[in-house]
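Good morning, and thank you for joining this meeting. I would ask everyone to look at the sequence and the structure together before we walk through them.

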Amino acid sequence: MSTISVFVLSLDTRSERRFDPHLTIGQLKTKLESVTGIPVPNQEISLFNSDGDEEAIAVLGDDTKAIGFYGVRDFQTLKITDTNPSATFTGQLTDVTQVDKFELTPEEYAQRQDSVLAYKQRNKVGRFAVQEEKPAPAIPTVDIPVGSRCEVESSEPGLSKRGTVRFYGQTKFAKGEGVWVGVEYDEPMGKNDGSVQGDRYFTCRQNYGVFVRPDKVKVGDYPVEEIDLEDEEM
């Protein structure tokens, strides 16, 4: 006797089965109950060419008709729908509308001692891990005494920026970035008056003060240069 090989698909199961085409729909439902867990009275059987089809070819709704009556062919799909999932055990597992949700506010969750958050807090894991304080970087020893004459490196050829060292150390405007040298220029070629962002490090006239890196400063006998105004006017 020939049989038909079809795919049986329900909300919880998928399998390949072989059935006698002379089997009635009522008899088929009895066999499908053990496969899908859906009671016979709650079964609605639809025939599809494949799993991915959205429109059914037929609904096998007459329990007295044979499977062959509906023209079922090999490798087609029978989708079994539970018409009363609230009364079915499998329906209770898949129908989330029947499940009461357990919810906690962030404050209630924080007070629980059996949560992942509490575990991390007790064991200092993740964001609760103890942060090692990094030691402040040591100030390098450079021979740039405050009060000494100096010349600051310039990117402009022939331009000499001379002045007096007024500050040497770390600053708030570049915290953790090493030391800076505060220089009072002989001429108004600076950017400030010895203060930056409201913090004062030394005092001078506006635009005479500047802060530079130590490697840009040369300390030595740098006298104030005389500017020949008559030559500039020629």
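Predicted model: local features only at pLDDT ≥ 70, side-chain atom pairs only at ≥ 80, totals over all residues.

**The mixed sheet**

Let us begin with an open sheet of five strands, arranged in the order S2-S1-S5-S3-S4, in which the pairing is mixed.

How are S1 and S2 joined? They run antiparallel, with six bridges between them. Within this pair, Ile-4 stands opposite Phe-19 in S2. S1 and S2 also form a hairpin, and four residues lie between the two strands.

Turning to strand S3 (residues 43-48) and strand S5 (residues 77-82), we find that they run antiparallel and are joined by six bridges. Here Phe-48 stands opposite Thr-77 in S5.

**The antiparallel sheet**

I now move to another open sheet of five strands, whose order is S11-S8-S7-S6-S12 and whose pairing is antiparallel. Which strands form its edges? They are S11 and strand S12 (217-219), each of which pairs on one side only. On average, neighbouring strands of this sheet are turned by 45° against each other, with direction ignored. Strand S6, residues 149-152, pairs with S12 in the antiparallel sense over three bridges. In that pairing, Cys-150 stands opposite Val-219 in S12.

**The annotated region and the largest pocket**

An unreviewed UniProt entry lists residues 177-213 as "domain: CAP-Gly". Over residues 177-213 the chain is 38% strand and 0% helix, and the C-alpha atoms at its ends are 10 Å apart.

Finally, let us consider the largest pocket, which holds about 300 Å³ of space. Which elements give two or more residues to its lining? They are strand S8 (180-185) and strand S11 (209-212). S11 provides the largest share, three residues. In total, 17 residues line the pocket, and those nearest its centre are Tyr-185, Lys-191, Val-210, Phe-211 and Val-212.

Thank you for your attention.

How values were computed:
Residues numbered from 1 in each chain as written. Heavy atoms only, no water. UniProt positions renumbered as here; feature names shortened; annotations may be inferred. 1 Å grid on protein atoms, 1.4 Å probe; cavity = no way out; pocket = protein on both sides within 12 Å on 5 of 7 lines; lining within 4 Å. Points joined across faces, edges and corners; volume = space filled by probe spheres on them. Pairing = 2+ DSSP bridges. Axes fitted to C-alpha atoms, helices over the stretch in contact; angles between N-to-C directions.
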